[in-house]
Amino acid sequence: MDTEQLIKSCIKKDRRAQEKLYNTYKKKLFPVCLKYCRSYTEAEDHLHDTFIIIFDTIKKYKGKGSFEGWMKRIAINKAIDKYKKSVVYTLSEGKEQNLTEDVTIEEKDLPPSVDTLMSFILQLPNSYRLIFNLFELDGFSHKEIAEMLDISEGTSKSNLHRAKALLKAKVIALKNKHISKEVKSHEA
């Protein structure tokens, strides 16, 4: 069954088609959910909630753009809605600050694995993690992020800067820890 037929069957609430759609796309949508959640378990719940919305609104998909992109957008919007409902904004509101410190993470500063970097991202405060993911991983502009979260563009930029600074500090601390261990092992 091709995607178009699968969508038509899901619109008719065909349980087998829904199961097939879920099994076809769960591995593609789970990483999207994971980067907006604090844990694997929370991401699984988010994935299931996302599919409930997909099945409830699939009739709204008009075939314009990729279906996978449409579903990804639902997962991201679900994360934003959850964030807005559950967190009192701790975003630095208001004044744009002069952020001159370079927070570019150079290749030599990268942690030993992508998993380690992802764990650092998951440890970021909610507002920083959300904005970092939207901007760096999903390619939204500060203007789009500001509109989605009802904040100023300056707040989006400021929180992205702080997220990068925190990530860089964690990467450097990890590197220093490894260097310290190497020095101690050579001294012994």
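With which residue does Glu68 form a salt bridge, and how far apart are the closest N and O atoms? The partner of Glu68 is Lys28, and the closest N and O atoms are 3.6 Å apart. A salt bridge is defined here as a side-chain nitrogen of Lys or Arg within 4 Å of a carboxyl oxygen of Asp or Glu. Glu68 lies in helix α4 (residues 67-86) and Lys28 in helix α2, so the pair ties together parts that are 40 residues apart in sequence. Helices are DSSP runs of H or I with at least four residues, strands are runs of E with at least two, and both are numbered from the N terminus.

The model is predicted: local features need pLDDT of at least 70 and side-chain atom pairs count only at pLDDT 80 or more, whereas totals for chains, interfaces and linings use all residues. Residues are numbered from 1 along each chain as its sequence is written, and side-chain values use heavy atoms, with hydrogens and water left out.

Both ends of the Glu68 pair are partly exposed: the relative accessible area is 35% for Glu68 and 46% for Lys28. Buried denotes a relative accessible area under 20%, exposed one over 50%, and partly exposed the range in between, computed with a 1.4 Å probe on protein chains only.

The count of salt bridges comes to 6. Another of them joins the side chains of Lys35 and Asp138, with an N to O distance of 2.7 Å. This pair links distant parts of the chain, since Lys35 is in helix α2 and Asp138 is in the loop between α6 (126-137) and α7, 103 residues away. Lys35 and Asp138 are both buried. Asp138 also forms a salt bridge with Lys72, the closest N and O atoms being 3.3 Å apart. Because Lys72 belongs to helix α4 and Asp138 to the loop between α6 and α7, this pair ties together parts 66 residues apart in sequence. Lys72 is partly exposed at 29% relative accessibility, whereas Asp138 is buried at 15%. Through shared partners, salt bridges join Lys35, Lys72 and Asp138 into one network.

Helix α2 has 21 residues and reaches 29 Å from its first C-alpha to its last, close to the expected 30 Å. The expected span of a helix is 1.5 Å times one less than its number of residues. A kink of about 55 degrees in α2 is centred on Lys26; the bend at a residue is the angle between axes fitted to the seven residues ending there and the seven starting there. At the N-terminal end, Asp14 caps α2, with a side-chain oxygen 2.9 Å from the backbone nitrogen of Arg16. The buried residues of α2 include Ala17, Leu21, Tyr25, Leu29 and Val32. An α-helix has 3.6 residues a turn, so residues three or four places apart point the same way.

In helix α1 lies Ser9, which is buried with a relative accessible area of 9%. Apart from neighbours within four places in sequence, Ser9 is in contact (heavy atoms within 4.5 Å) with Met1, Asp14 and Ala17.

The largest nonpolar core has 48 residues, and those with the most contacts inside it are Leu21, Phe51, Ile54, Phe67, Trp70, Leu134 and Leu149. Such a core is a set of buried Ala, Val, Leu, Ile, Met, Phe, Trp, Tyr and Cys residues joined through side-chain atoms within 4.5 Å. At least two residues of this core come from each of α1, α2, α3 (40-57), α4, α5 (114-123), α6, α7 and α8, and the largest share, 9 residues, is supplied by α4. With neighbours within four places in sequence left aside, Phe51 is in contact with Leu21, Tyr22, Tyr25, Lys26 and Leu29.

Ile80 is found in helix α4 and is buried, with a relative accessible area of 3%. Not counting residues up to four places away in sequence, Ile80 touches Leu130, Leu134, Met148 and Leu149. The C-alpha atoms of Ile80 and Leu149 are separated by 7.4 Å, although the two residues are 69 residues apart along the chain.

Lys13 lies in the loop between α1 (3-11) and α2 (15-35) and is partly exposed, with a relative accessible area of 45%. Asp150 lies in the loop between α7 (142-149) and α8 (153-187) and counts as exposed at 61% relative accessibility.

Terms used: A polar contact is a pair of N or O atoms within 3.5 Å; within protein, one must be able to donate a hydrogen and the other to accept it, and residues adjacent in sequence count only if both atoms are side-chain atoms.
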